[in-house]
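Q: I'm new to this one and have just opened it. Could you walk me through it while I look?

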Amino acid sequence: EENGHHNKRLKTGADEEDSEDQNKKSPKRKIVLLMAYSGKGYHGMQRNVGSSQFKTIEDDLVSALVQSGCIPENHGEDMKKMSFQRCARTDKGVSAAGQIVSLKVRLIDDILEKINNHLPSHIRILGLKRVTGGFNSKNKCDARTYSYMLPTFAFAHKDHDVQEELYRLDRETLERVNKLLACYKGTHNFHNFTSQKGPRDPSAKRYIMEMYCGEPFVRESLEFAVIKVKGQSFMMHQIRKMIGLVIAIVKGYAAESIIERSWGEEKVDVPKAPGLGLVLERVHFEKYNRRFGNDGLHEPLEWTQEEEKIAVFKEQYIYPTIINTEKEEKSMANWLNTLSIHDFNSSAVEMQVNNKNSK
């Protein structure tokens, strides 16, 4: 073995020449990569070229693509050169189990293995498929499914003294949570659920296909539940604010009518739940699959064979990070303490005052 290592060292010069020859032979092709990552410690997915102090998932990905020989170094500096596009810009601290990126690469041998060798273990490329030349993972994606894992004590009423580890969600509260989450279904004006969008901005209208909270389960003596939401597309912080508002209602800080009010033009104070529990579960390419999925040249963008790997990654990296961070840093518990400083009635009260004055 020692001799083998010694020989390898002597051969590196020759290896580099071989890889250069192979690069000339292997043509560039448009592909998609199926990615999973734990987002803790990262400033989101999207790379900010020029601001190296904010590390993103794409910084590590691009570095691995260059080191593995799939893309030349200058493509790493200017990502347009490889037609790079991510399907969703996940926010700071948010994880993904089924993120998709599209790009042009050299299809080298053992490509997935080589890329993964240059990535940290909490970022994995789980699959690769060839796609049409004009494919763009953001534009061709017709829906995205996110999940949000949270400790169930988040739904305990504010007037009840709750011991976090002993709290268990009862059936009645879960049904109420689901009734409220169902209010988001359909097309609504979500300008109150993001920043920098006015009530008359057409892009604030978004379509939600489903939203529900699953059965609770216990991990490390804390009870958790997972909320799933599928929508065409989401704005920055939208899901966290949708969940934050439902928590505020169930806890007794805000009236149920606030959801209806938030679709209107007035500004409503909507609290934003912590980023920790949010996971991009999967992205959907239904139109693309119908058109190209069975054309004999391309495969449909479905990942049934990778499901097992996705599940293993979530159990190994995503869920433990959410659970341990919650227990150590108490991000949900600390955030719940801030709900009392939100003003959920201000605009309604202001209207009453104005009405009195006008009379």
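This is a predicted model: local features need pLDDT of at least 70, side-chain atom pairs count only at pLDDT 80 or more; totals for chains, interfaces and linings use all residues.

Q: Okay, and where does Tyr146 sit, and is it buried or exposed?
A: Tyr146 belongs to strand E5, which covers residues 143-151, and the residue counts as buried because its relative accessibility is 8%, under the 20% cut-off for that class.

Q: Which residues does Tyr146 touch?
A: If you leave aside the neighbours within four places in sequence, the contacts of Tyr146 include Ala88, Thr90, Phe234 and Ile239, and Leu278, Val279, Leu280 and Glu281 are also among them.

Q: Switching topic, how many helices and strands does the chain have?
A: There are 11 helices and 10 strands in the chain, and of its 359 residues, 48% count as buried.

Q: What is the volume of the largest pocket?
A: The largest pocket has a volume of about 850 Å³, and its lining is made up of 35 residues, with Arg89, Asp91, Phe234, Met235 and Met236 lying nearest the centre.

Q: Which elements give two or more residues to that lining?
A: Those elements are strand E2 (85-86), strand E5 and helix H6 (238-250), and the largest share, 3 residues, comes from H6.

Q: How does the lining of the largest pocket divide into nonpolar, polar and charged?
A: The lining of the largest pocket divides into 11 nonpolar, 14 polar and 10 charged residues. Looking at domains instead, the lining draws at least three residues from domain 1 (28-139) and at least three from domain 2 (143-288 + 310-351).

Q: You listed Asp91 as one of the residues nearest the pocket centre. What does UniProt annotate there?
A: The UniProt annotation "active site", again from an unreviewed entry, covers Asp91. Asp91 lies in the loop between E2 and strand E3 (95-106), and it counts as buried because its relative accessibility is 19%, with the cut-off for buried being under 20%.

Q: And which residues does Asp91 touch?
A: Not counting residues up to four places away in sequence, Asp91 touches Gly44, Met236, His237 and Arg240.

Q: What is the phi of His237?
A: His237 has a positive phi of about 65 degrees although it is not a glycine. The residue is placed in the loop between strand E9 (222-231) and H6, and with a relative accessible area of 15% His237 is buried.

Q: How many cavities of 30 Å³ or more does a search of the whole structure find?
A: The search finds 1 cavity of that kind, and about 50 Å³ of space lies in the largest cavity.

Q: Which residues line the largest cavity?
A: Among them are Tyr148, Met149, Leu150 and Pro151, together with Leu276, Ile322 and Met332. E5 gives the most to this lining, with 4 residues, while E5, H9 and helix H10 (331-336) each supply at least two. By class, the lining of the largest cavity has 8 nonpolar, 2 polar and 1 charged residues.

Q: Last one: is Gly133 buried or exposed?
A: Gly133, in the loop between strand E4 (123-130) and E5, counts as exposed at 53% relative accessibility. The C-alpha atoms of Gly133 and Arg29 are separated by 7.7 Å, with the two residues 104 residues apart along the chain.

Note on methods. Residues are numbered from 1 along each chain as its sequence is written. Side-chain values use heavy atoms; hydrogens and water are left out. Buried means under 20% relative accessible area, exposed over 50%, partly exposed in between (1.4 Å probe, protein chains only). Contact means heavy atoms within 4.5 Å. On a 1 Å grid over the protein atoms alone, a cavity is a set of points where a 1.4 Å probe fits but cannot get out, and a pocket is an open set with protein on both sides within 12 Å along at least five of seven lines; lining residues have an atom within 4 Å of a point. Grid points are joined across faces, edges and corners, and a volume is the space filled by probe spheres set on the points. Ala, Val, Leu, Ile, Met, Phe, Trp, Tyr, Cys and Pro count as nonpolar, Asp, Glu, Lys and Arg as charged, and the others, Gly among them, as polar. Domain bounds come from an automatic or database domain assignment. UniProt positions are given in the numbering used here, feature names are shortened, and annotations may be inferred rather than shown by experiment.
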